[in-house]
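Hello,

Here is the structure I promised to pass on to you.

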Amino acid sequence: MLAIITTNLLRRSTRTVFTASGIAVGVATIVALLAFTQGLKETAAGFVHLGGSELGIFQANVSEPTASVLPESIVGRLQARPEVARATPLLLLVEGLKADSSAIVFGADPAGFFTHNLVLTGGRRPAGGARELLIGDRLAAQLHLLPGATLAVEEHRYRVAGVYHSGVLFEDSGAVLELAQAQQLASRPAEVTDIVVQLAPGVRASRAAGGIEHALPGTQVISDPQQALRVGANGILISKAILVIVVIALIVGAISVTNTMAMSIMERQGELGVLSTVGWSPARVASLILGEGVAVSVLGAAAGLLFGVIGGSLLVRALGVSAYVSPSVTAWGLGRGLLVGVAIGVLGGIYPAWRVTRMTPLKALSAT
Amino acid sequence: MSAPAGAHATREPAGAQVAIEAVSKGFGRVSALREVSLQIGPGEAVAITGRSGSGKSTLLALIGGLEQPDSGRVLIDGRAVWKDPHPARARRELVGFVFQRHLLLAALSARANVEVPLIGAGMHHGARRTRALSLLEAVGIADRAEHLPSELSGGESQRVAVARALANEPRLLLADEPTGALDSTTSERVMDLLFELRRDLGMTLVVVSYDPSVGARADRTVTLVDGRIEAPDGALFQRR
């Protein structure tokens, strides 16, 4: 049976290749999207734990975390709480760097733990009040900048005082500016995007989060990456969009396979009639058709997995969004892509296979 | 001509008995067969002749269970193939078909084509291969076993088709104008092969043909006229 399936697919190699290619595109899309989703989760993890924090306090019900606006004054109220060891405000300037629009500029309190935890790999910390900033090592490598160079932020030029490494993608791909200067650039005096918190020893993040949200109405405390993805409407939209695209890929792929297999059956009606005449049961003939559909789909899915992994990385580089999201391929992501590919083959092969079982041998033979 | 190994070791008698009882079949408004009744004894060779459109091929298809009669019934050794819970299995166990065109699967070698019915029977790969080669040897083209149908002559292809028909050791061999697409010399050889196999294996053979010489080889000739069997004196058999 396998030999016949292989032979039939090879005999119509052009059609096999085109059908498999269609499925490959669908599977590649799914794999790339799943890799992006996983990458988003990992990015969100970095976003939650900025500066080595355990919690991030954001404005509640915002479209995405970077759109959050909080009064700087609540930092003091947070620090007064017993479960909080330290709290420091951050103002995020998105698309503030002209040289790399995907990089984020962090306005941070020079005395806060966020700035303090940055490990300098070159240069020095900015002098207080000077038009100086720190840049992450990834950004420095990307823009070929060294301490002493200048960098434009929102039309203003700053001197690079030093280069740091934090281990968090967002931070290492961005720059850190004194909070007051960032507020001035954004024309948002006394406002911040979020406040990052380190908890007192022995305090559980989930318990602390409830207490803080209760004490500070209108805030949302994020302590894990999944929560970070859920809190923003954009994250929800991305998840829903991915689901829709997966379903569309499944439907389009199944229709493609159905169409191909149905055409194949019409062309090979006589051949199938011969199989029936020589004693193949309808179930066996149907399984031949179904097997061909699944084989094409597995071929397409395998190619799709490869294209998805390679294409996802290339797309991120081409769009220049590597600071926000880096596709992360997991075995489960690849497995889901393969499952969708096989499902396409099974769904696409069912109708043609059923049609075969409805034909009498004589009717099938009359097509020869 | 010698029978392939194991071809009829377990069969007694080798030929099937065919009973056609008042069978009618129409296609749309065209009546192909009208209350045809015919008995064929075990091991008998019957030639069915008649003009084009007389219902010969339809009768053969109904005997082989390829189509359902509108009325009446066809029994092979007492089994109604079409009404069998597993008609494909019944066909496989009882009937072998040879058609006017060889109808070989173009992508498969001669050997693989002969193996196709054996796949349907669930036979193991090694046993299939052995039996297919044995059958190709029996029909005289063992040396062409790995050739594709496109690499075979018409006569060779038809021999492969005969070997395929014999793969499941049928008790009844149905041949529908098996030499219709061949030249006279090749036709003669293929017909020789069919009748030799029938003699060696003891099968019942029903051959549809225009060729009067086929009737001369057969035990009996049945002539169809407008879907009815013509009596030897020219009268038409009617349903009793």
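**Helices side by side**

H5(B) and H6(B) cross in a right-handed way; a crossing is right-handed if the near helix is turned clockwise from the far one by less than a right angle, and left-handed if anticlockwise. Before we go on, some housekeeping. This is a predicted model, in which local features need pLDDT of at least 70 and side-chain atom pairs count only at pLDDT 80 or more, while totals for chains, interfaces and linings use all residues. Residues are numbered from 1 along each chain as its sequence is written, and chains are lettered from A and ligands numbered from 1 in the order in which they are written.

Now back to the helices. Helices (H or I, at least four residues) and strands (E, at least two) are DSSP runs, numbered from the N terminus. Two packed helices are described by the angle between their axes and the distance between the axes. Axes here are lines fitted to C-alpha atoms, for helices over the stretch in contact, and angles run from 0 to 180 degrees between N-to-C directions.

For H5(B) and helix H6 (residues 184–201) of chain B, the axes come within 10 Å and cross at roughly 15 degrees. The two helices H5(B) and H6(B) are therefore roughly parallel to each other. On that scale, angles under 35 degrees count as roughly parallel, over 145 as roughly antiparallel, 65 to 115 as roughly perpendicular and the rest as oblique.

Which residues of H5(B) and H6(B) meet? From H5(B) they are Gly154(B), Gly155(B), Gln158(B), Arg159(B), Val162(B) and Leu166(B), and from H6(B) they are Thr186(B), Arg189(B), Val190(B), Leu193(B), Leu194(B) and Leu197(B). Residues are in contact if their C-beta atoms, placed from the backbone, lie within 7 Å. By class, this contact of H5(B) with H6(B) has six nonpolar, four polar and two charged residues. Ala, Val, Leu, Ile, Met, Phe, Trp, Tyr, Cys and Pro count as nonpolar, Asp, Glu, Lys and Arg as charged, and the others, Gly among them, as polar.

H5 (residues 154–166) of chain B also has helix H3 (residues 110–120) of chain B beside it: their axes come within 7 Å and cross at roughly 30 degrees. That makes H3(B) roughly parallel to H5(B), and their crossing is right-handed. In H3(B), the residues Ala110(B), Asn113(B), Val114(B), Val116(B) and Pro117(B) meet Val160(B), Ala163(B) and Arg164(B) of H5(B). Six nonpolar residues, one polar and one charged make up the contact of H3(B) with H5(B).

How do H3(B) and helix H4 (residues 125–138) of chain B cross? Their axes cross at roughly 120 degrees and come within 9 Å. H3(B) and H4(B) are therefore oblique to each other, with a right-handed crossing.

**Two sheets**

Strands of a sheet pair through backbone hydrogen bonds, either parallel or antiparallel. Two strands count as paired if DSSP finds at least two bridges between them.

One open sheet of chain B has three strands in the order S2-S1-S4, with antiparallel pairing. Its edge strands, S2 (30–40) and S4 (71–76) of chain B, each pair on one side only. The twist from one strand to the next averages 20 degrees. Helix H1 (residues 56–63) of chain B packs on this sheet, where H1 touches S1, S2 and S4 of chain B. Strand S1 (residues 18–27) of chain B pairs with S2(B) over seven bridges, and Phe27(B) has Val30(B) of S2(B) as its bridge partner.

Another open sheet of chain B has six strands, ordered S5-S6-S7-S3-S8-S9, with mixed pairing. Strand S5 (95–98) and strand S9 (228–230) of chain B are at the edges with a single partner strand each, so one side of each is left without a neighbour in the sheet. Neighbouring strands of this sheet are turned by 25 degrees against each other on average, direction ignored. H5(B) packs on the sheet too, touching S5 and strand S6 (172–176) of chain B.

**Where to be careful**

The mean pLDDT of chain B (the predictor's confidence in each residue, from 0 to 100) is 86. Over residues 5–13 of chain B, pLDDT stays under 50. Where pLDDT is low, the predicted coordinates should not be read in detail.

Enjoy exploring!

Terms used:
Two residues are in contact if their C-beta atoms, placed from the backbone, lie within 7 Å.
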